[in-house]
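Subject: Structure handover

Hello,

Here is the structure I said I would pass on. My notes follow below it.

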Amino acid sequence: MKVHHLLEENSLATKFVSELRDVDRQKDAMRFRKNIERIGEILGYELSKSLSYFPKEIKTPLGNATHQLPKKDVVICSILRAGLPLHNGLLNYFDWAENAFISAYRHHPKEDEEFEILVEYLASPSLEDKTLILADPMLATGKSFVNVLKALEKMGKPKKIHLVAVIGAKEGLKLVEEEFPENSELWIATIDEKLDKNGYIVPGLGDAGDLSYGSKMQH
């Protein structure tokens, strides 16, 4: 798997990531969602360079111009609920894309730090021979991405898979590299060193879903 690490070089994305991490800035949920959306736009732009294009002649008021346009074979799939702002950012740029939504959440059967990832909802078009973009802000253990990949198998085989995330941990990266097809690519803003005992990224930023949409009851 090819990994594109955005913050290996300085860019405006650094500001957005720093605000996502800031405990004081996090009190503004609207800004938190907006910063994830902005990072989605930046990662989407970088990702767009790897898509397939075709020439199209465009009529202007003074003549004709030929431009390379992206093929309309993209499906954006966000992992609910934290993936929604990231999905919006990608959709701002891939406004012609098809869309899919899938749930994946941590279930603690023993009510301790051990958990399993459950997938209970899926709405998706056919993925057969499409370019699939999987969006989830946090790549922690990597289990959400892996379980979602398995759940999507019944929707068809994509010709290409792109993972899009804001923050990841090295442990999660290792798992997706092992479980996803070799020609998959990961587009990520920044990579942190480790996970804590509860499987959260350190230093990370906390629970992206709660910070975006409010706290939830555990079940």
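What share of the contacts in the chain with a separation of 6 or more comes from residues 24 or more positions apart? Such residues account for 65% of those contacts. Please keep in mind that this is a predicted model.

Overall form

The chain has six helices and 14 strands. Along the principal axes, the C-alpha atoms fill a box of roughly 65 × 40 × 30 Å. Of the 219 residues, 46% are buried.

Salt bridges

The search of the whole structure gave 13 salt bridges. As background, side chains of opposite charge can pair when their charged atoms come close.

E19 and R31 form a salt bridge through their side chains, with 2.9 Å from N to O. E19 belongs to helix 1 (residues 13-21) and R31 to helix 2 (residues 29-48), so this pair ties together parts that are 12 residues apart in sequence. E19 counts as buried because its relative accessibility is 7%, while R31, at 28%, counts as partly exposed.

R21 pairs with D192, and their closest N and O atoms are 3.0 Å apart. R21 is partly exposed, with a relative accessible area of 25%; D192 is buried, with a relative accessible area of 6%.

K159 and D73 also form a salt bridge, with 2.6 Å between the closest N and O atoms. This pair links distant parts of the chain, 86 residues apart. K159 sits in the loop between helix 4 (143-151) and strand 11 (160-169), and D73 in the loop between strand 3 (63-70) and strand 4 (74-80). The relative accessible area of K159 is 35%, so K159 is partly exposed. For D73 the figure is 13%, so D73 is buried.

Some salt bridges share partners: K15, E19, R25 and R31 are joined into one network in this way.

Second largest pocket

The second largest pocket has a volume of about 250 Å³. Its lining consists of 16 residues, and those nearest the centre are L149, K157, P158, I161 and P181. Helix 4 and strand 11 each supply at least two lining residues. Which element gives the most to this lining? Helix 4 does, with three residues. By class, the lining has seven nonpolar, six charged and three polar residues.

Helix 3

Which residues of helix 3 (residues 83-93) are buried? They are G83, P85, L86, H87, G89 and L90. The cover over these buried residues includes helix 2 and helix 6 (208-213). Strand 4, strand 5 (98-103), strand 9 (131-135) and strand 11 are also among the elements that cover them.

In short, the places to look at in the viewer are the salt bridges E19 to R31, R21 to D192 and K159 to D73, then the lining of the second largest pocket around L149, K157, P158, I161 and P181, and lastly the buried residues of helix 3, including L86 and L90.

Regards

Terms used
Residues numbered from 1 in each chain as written. Predicted model: local features only at pLDDT ≥ 70, side-chain atom pairs only at ≥ 80, totals over all residues. Heavy atoms only, no water. Salt bridge = Lys/Arg side-chain N within 4 Å of Asp/Glu carboxyl O. Helix = DSSP H or I, 4+ residues; strand = E, 2+ residues; numbered from the N terminus. Buried < 20%, exposed > 50% of the residue type's maximum accessible area, 1.4 Å probe, protein only. 1 Å grid on protein atoms, 1.4 Å probe; cavity = no way out; pocket = protein on both sides within 12 Å on 5 of 7 lines; lining within 4 Å. Points joined across faces, edges and corners; volume = space filled by probe spheres on them. Nonpolar A, V, L, I, M, F, W, Y, C, P; charged D, E, K, R; others polar. Contact = heavy atoms within 4.5 Å.
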